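Have a go at each task before you read its solution.

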Amino acid sequence: MKNSKKSLSVTDEIISQKIYIIRGKKVMLDKDLAELYGVETKILNKAVKRNIKRFPADFMIHVTQLEAENLRFQIGTSKAKAGGSRYLPYAFTEQGVAMLSSVLHSERAIQVNIQIIRMFTKLRELLEQHKDLRVRIEELEKKYDKQFQSVFFALKQLLSNTEKEKSKRKIGFNLSRK
């Protein structure tokens, strides 16, 4: 099983699908980073805890229960305990991901880190190109109450994922015919 993880090809699309916005920052979750690096999540987190001074609050966020529930809604995962994590995840900002390369020493971790940093840079450039739209969305977000928070969250995600606009053909049966 470990060999299949190591041979996994990491594309920009895979990386961009694993970047979320938490507390207004683009972050990646510990479990996603561990998967990309080909290590277990607990191994990644142990390496971080051994080097905790390298991860100040602006590099790593301990996700709250509410944020985790919002992520489940966004990602589409179940709240069931079976197969899920018992602990709230850590989320790493771009700087935190860069710092991970200093605590994870495998060749794969170094190569994937370089790809992730490049993707963060691409996303930042994309956001700059669409800055006027982002500003208008943020103004609307301030104007309306929390009932629209999930709508604005989804809009922000769409803005950050404009690079993934390739049309995909759905596989399977369409049972919605009447």
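**Exercise 1. Look at the pair E40 and K42: how far apart are the closest N and O atoms of their salt bridge?**

Step 1. E40 and K42 form a salt bridge whose closest N and O atoms sit 4.0 Å apart. The term covers a side-chain nitrogen of Lys or Arg within 4 Å of a carboxyl oxygen of Asp or Glu.

Step 2. Check the exposure of both partners. E40 is partly exposed, at 41% relative accessible area, while K42 is exposed, at 52%. Here buried means under 20% relative accessible area, exposed means over 50%, and partly exposed is what lies in between (1.4 Å probe, protein chains only).

Step 3. Take D32 and K31, whose side chains meet at 3.3 Å, N to O. D32 is buried, with a relative accessible area of 3%, whereas K31 is partly exposed at 44%.

A word on where these values come from: this is a predicted model, in which local features need pLDDT of at least 70 and side-chain atom pairs count only at pLDDT 80 or more, while totals for chains, interfaces and linings use all residues. Residues are numbered from 1 along each chain as its sequence is written, and side-chain values use heavy atoms, with hydrogens and water left out.

**Exercise 2. How many salt bridges does the structure hold, and which parts does the K122 to D12 pair tie together?**

Step 1. The count for the structure is 7 salt bridges.

Step 2. K122 bridges to D12, with 2.6 Å between the closest N and O atoms. K122 lies in helix α7 (residues 107-129) and D12 in helix α2 (residues 12-17), so this pair ties together parts that are 110 residues apart in sequence. Helices (H or I, at least four residues) and strands (E, at least two) are DSSP runs, numbered from the N terminus.

Step 3. Both ends are partly exposed: K122 has 32% relative accessibility, and D12 has 31%.

**Exercise 3. At what angle do the axes of α3 and α7 cross, and which residues make the contact?**

Step 1. Recall the description: two packed helices are described by the angle between their axes and the distance between the axes.

Step 2. The axes of α3 (residues 30-37) and α7 come within 9 Å and cross at roughly 120°. Axes are lines fitted to C-alpha atoms, for helices over the stretch in contact, with angles from 0 to 180 degrees between N-to-C directions.

Step 3. That makes α3 oblique to α7. Under 35 degrees would count as roughly parallel, over 145 as roughly antiparallel and 65 to 115 as roughly perpendicular, with the rest oblique.

Step 4. On the α3 side, the contact uses L33, E35, L36 and Y37; α7 brings R108, A109, V112, N113 and I116. Contact means heavy atoms within 4.5 Å.

Step 5. Sort the contact residues by type, and you get 6 nonpolar, 1 polar and 2 charged. For this sorting, Ala, Val, Leu, Ile, Met, Phe, Trp, Tyr, Cys and Pro count as nonpolar, Asp, Glu, Lys and Arg as charged, and the others, Gly among them, as polar.

Step 6. α3 is mostly covered, with 6 of its 8 residues buried. Among them are L33, L36 and Y37. Just past the end of α3, G38 takes a positive phi of about 80°.

**Exercise 4. Is E94 buried or exposed, and what does its side chain meet?**

Step 1. Find E94 in helix α6 (residues 94-103). E94 is buried, at 16% relative accessible area.

Step 2. The E94 side chain makes a polar contact with the side chain of R124 at 2.5 Å. A polar contact is a pair of N or O atoms within 3.5 Å; within protein, one must be able to donate a hydrogen and the other to accept it, and residues adjacent in sequence count only if both atoms are side-chain atoms.

Step 3. Leaving out residues up to four places away in sequence, E94 touches K26, I117, F120, T121 and R124.
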